[in-house]
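Here's a quick briefing to go with the model below.

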Amino acid sequence: QVQLVESGGGLVPAGGSLRLSCAASGDIVSLNSVAWYRQAPGKQREMVSGITSGGYTNYLDSVKGRFTISRDNTKNAVYLRMNSLKPEDTAVYYCRATIYSRIGVNDHWGQGTQVTVSS
């Protein structure tokens with residue numbers, strides 16, 4: 001069984017920073033591509049940033065230059081460093097990962113972590 005757990009959310013003032021973590025555990029052979037999504041109240045879930053197994057990254061236009069995604073394959077973890085946070089970044093942030101296990105490959109979602117940016 002595979003688990004994906006996010007952490008690092010919280011309440012910060014505008015202009016502040018947070019670092020989100022997404023850690024995979026369980027019967028893992030390898031962690032493939034991973035992406036961070038967010039969903040604000042009343043809005044659709046959107047992809048914020050993604051990183052492939054080879055380290056290629058992409059970002060939502062509104063977070064470019066402020067957010068940085070990275071990964072540590074030795075820990076099966078992916079991080080999202082968020083700087084210069086704005087109130088519009090307020091949302092629940094979810095991690096989605098394509099994980100290879102002994103039984104095959106599947107997409108997994110974490111439970112989400114709340115990020116609240118006060119103005």
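R38 sits in strand β4, which covers residues 30–39. In this predicted model, R38 is buried, at a relative accessible area of 6%, and R38, E46, R66 and D89 are tied into a network of salt bridges.

**The charged network**
- The side chain of R38 makes a polar contact of 2.8 Å with that of E46, plus one of 3.0 Å with the side chain of D89.
- D89 also pairs with R66, in a side-chain salt bridge of 2.8 Å from N to O. That pair links distant parts of the chain, 23 residues apart: R66 is in the loop between β6 (57–59) and β7 (67–72), while D89 is in the loop between β8 (77–82) and β9 (91–101).
- Buried or exposed: which is D89? D89 is buried, because its relative accessible area is 1% and the cut-off for buried is under 20%.
- R66 falls under that cut-off too, with 11%, so R66 counts as buried.

**Other salt bridges**
- The structure has 6 salt bridges.
- One of them joins the side chains of R96 and D107 at 2.6 Å, N to O. R96 belongs to strand β9 and D107 to strand β10, so this pair ties together parts 11 residues apart in sequence.
- R96 is partly exposed at 29% relative accessibility, and D107 is partly exposed at 37%.
- D61 and K64 form a further side-chain salt bridge, 3.0 Å from N to O. D61 counts as exposed, with 61% relative accessibility.

- V29, Y100 and V105 make up a nonpolar surface patch of about 270 Å².
- V105, from strand β10 (residues 104–109), is partly exposed, with a relative accessible area of 42%.

**The chain as a whole**
- You'll find 0 helices and 11 strands here.
- Along the principal axes, the C-alpha atoms fill a box of roughly 45 × 25 × 25 Å.
- Of the 119 residues, 39% count as buried.
- Take the contacts between residues at least 6 apart in sequence: 55% of those join residues at least 24 apart.
- The chain exposes about 6,300 Å², with carbon and sulfur atoms supplying 48% of that area.

Notes:
Residues are numbered from 1 along each chain as its sequence is written. This is a predicted model: local features need pLDDT of at least 70, side-chain atom pairs count only at pLDDT 80 or more; totals for chains, interfaces and linings use all residues. Side-chain values use heavy atoms; hydrogens and water are left out. Helices (H or I, at least four residues) and strands (E, at least two) are DSSP runs, numbered from the N terminus. Buried means under 20% relative accessible area, exposed over 50%, partly exposed in between (1.4 Å probe, protein chains only). A polar contact is a pair of N or O atoms within 3.5 Å; within protein, one must be able to donate a hydrogen and the other to accept it, and residues adjacent in sequence count only if both atoms are side-chain atoms. Patches are made of residues with over 30% relative accessible area and no salt bridge: like charges are joined within 9 Å, nonpolar side chains (Val, Leu, Ile, Met, Phe, Trp, Tyr) within 5 Å. Accessible areas come from the Shrake-Rupley method with a 1.4 Å probe; for residues, only the protein chains shown count as cover. A salt bridge is a side-chain nitrogen of Lys or Arg within 4 Å of a carboxyl oxygen of Asp or Glu. Contact means heavy atoms within 4.5 Å.
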